[in-house]
Amino acid sequence: MHELSLIASLFEILEEKAAEKGSKRIVSVKLQVGQLSGAIPELLKTSFDIYKKDTIAAEAELETVEVPFKVECNVCHTQMIKDDLIAICDECGSMDLKTLQGTDLFLLKMDVEI
Ligand SMILES: [Zn+2]
């Protein structure tokens, strides 16, 4: 399951950040999940719950926020929502598009108890 390895990487970041703050307990985690990230929010939650046992996030809840795939045209600077990585600008037909969001996972927020 792809999500389990994503969660394993997430925990490395969480533990590092918690250590920076001098905290031993994470109470909640909010993750932004891109539509084209290849990860399914429900599976991320399930993986999180499996993984969190015996970690500093054992009591934590994972909240996910889904975001669509959004691009900006490098030619006419129009921003648009697309559902495929291979996309063409709606306005000028250019294929020179810059990804703004939607292809990865992003840690939005982490609450800890000090
Ligand atoms: Zn354009």
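Predicted model: local features only at pLDDT ≥ 70, side-chain atom pairs only at ≥ 80, totals over all residues.
Where does Asp54 lie? I started there, and found Asp54 in the loop between H2 and S2.

**Entry 1: Asp54**

I checked the backbone first. Phi of Asp54 comes out near 65 degrees, which is a positive value in a residue other than glycine. Then I looked at the surroundings. I get 7 C-beta neighbours inside 10 Å for Asp54, so I put it down as exposed.

**Entry 2: the whole chain**

Next I stepped back to the overall layout. I count 2 helices and 6 strands in the protein chain. Reading along the sequence, I get the pattern α-β-α-β-β-β-β-β. The radius of gyration is 17 Å, well over the 13 Å that the globule rule gives for 114 residues, so the chain is more spread out than a compact globule. I also have the C-alpha trace spanning about 55 × 30 × 15 Å along its principal axes. Buried residues come to 24% of the 114 residues. I looked at contacts between residues at least 6 apart in sequence, and 71% of them join residues at least 24 apart.

**Entry 3: the sheet with S1 in it**

I traced an open sheet of 3 strands, in the order S2-S1-S6, with mixed pairing. S2 (61-67) and S6 are its edge strands, each pairing on one side only. On average, neighbouring strands here are turned by 15 degrees against each other, direction ignored. I followed S1 and S6 along their pairing, which is antiparallel over 8 bridges. One bridge I picked out joins Leu31 to Leu107 in S6.

**Entry 4: the helices on that sheet**

Which strands does H1 lie across? I find H1 across S1 and S6, running at about 45 degrees to S6. H2 lies across S1 and S2, and I have it running at about 160 degrees to S2.

I then went through H2 residue by residue. Leu44, Ser47 and Phe48 are buried there. Looking down the axis of H2, I see its buried residues fall within an arc of 105 degrees, so they line one face of the helix. On the face of H2 turned away from the buried side I noted Glu42 and Ile50, both exposed. As for what covers the buried residues of H2, my list includes H1, S1 and S2.

**Entry 5: the nonpolar core**

How many residues does the largest nonpolar core have? I get 17, and those with the most contacts inside it are Leu14, Ile26, Val29, Leu44 and Leu62. H1 (2-20), S1 (25-34), H2 (41-51) and S6 (105-113) each supply at least two residues of this core. The largest share, 5 residues, comes from H1.

The list for Val29 is Leu14, Ala57, Ala60, Leu62 and Met110. Leu14 and Leu62 are also on my list of core residues with the most contacts.

**Entry 6: the other sheet**

I moved on to S3, S4 and S5. These make an open sheet in the order S4-S3-S5, with antiparallel pairing. S4 and S5 stand at the edges with a single partner strand each, so one side of each is left without a neighbour in the sheet. Neighbouring strands are turned by 35 degrees against each other on average, direction ignored. S3 and S5 pair over 4 bridges in the antiparallel sense.

His77 sits in the loop between S3 (69-73) and S4 (79-82). Its phi is near 60 degrees, a positive value in a residue other than glycine. His77 is exposed, with 11 other C-beta atoms within 10 Å.

Is Cys92 buried or exposed? I have Cys92 as exposed, with 12 other C-beta atoms within 10 Å. Cys92 is in the loop between S4 and S5 (97-101). Leaving out residues up to four places away in sequence, I see Cys92 touching Cys73, Val75 and Cys76. I checked the spacing to Cys73: the two C-alpha atoms are separated by 8.6 Å, and the residues are 19 apart along the chain.

Key:
Residues numbered from 1 in each chain as written. Core = buried A, V, L, I, M, F, W, Y, C linked by C-beta atoms within 7 Å. Buried ≥ 20, exposed ≤ 12 C-beta atoms within 10 Å, placed from the backbone. Contact = placed C-beta atoms within 7 Å. Rg over C-alpha atoms; globule rule 2.2 N^0.38 Å. Pairing = 2+ DSSP bridges. Axes fitted to C-alpha atoms, helices over the stretch in contact; angles between N-to-C directions. Arc of directions from axis to C-beta.
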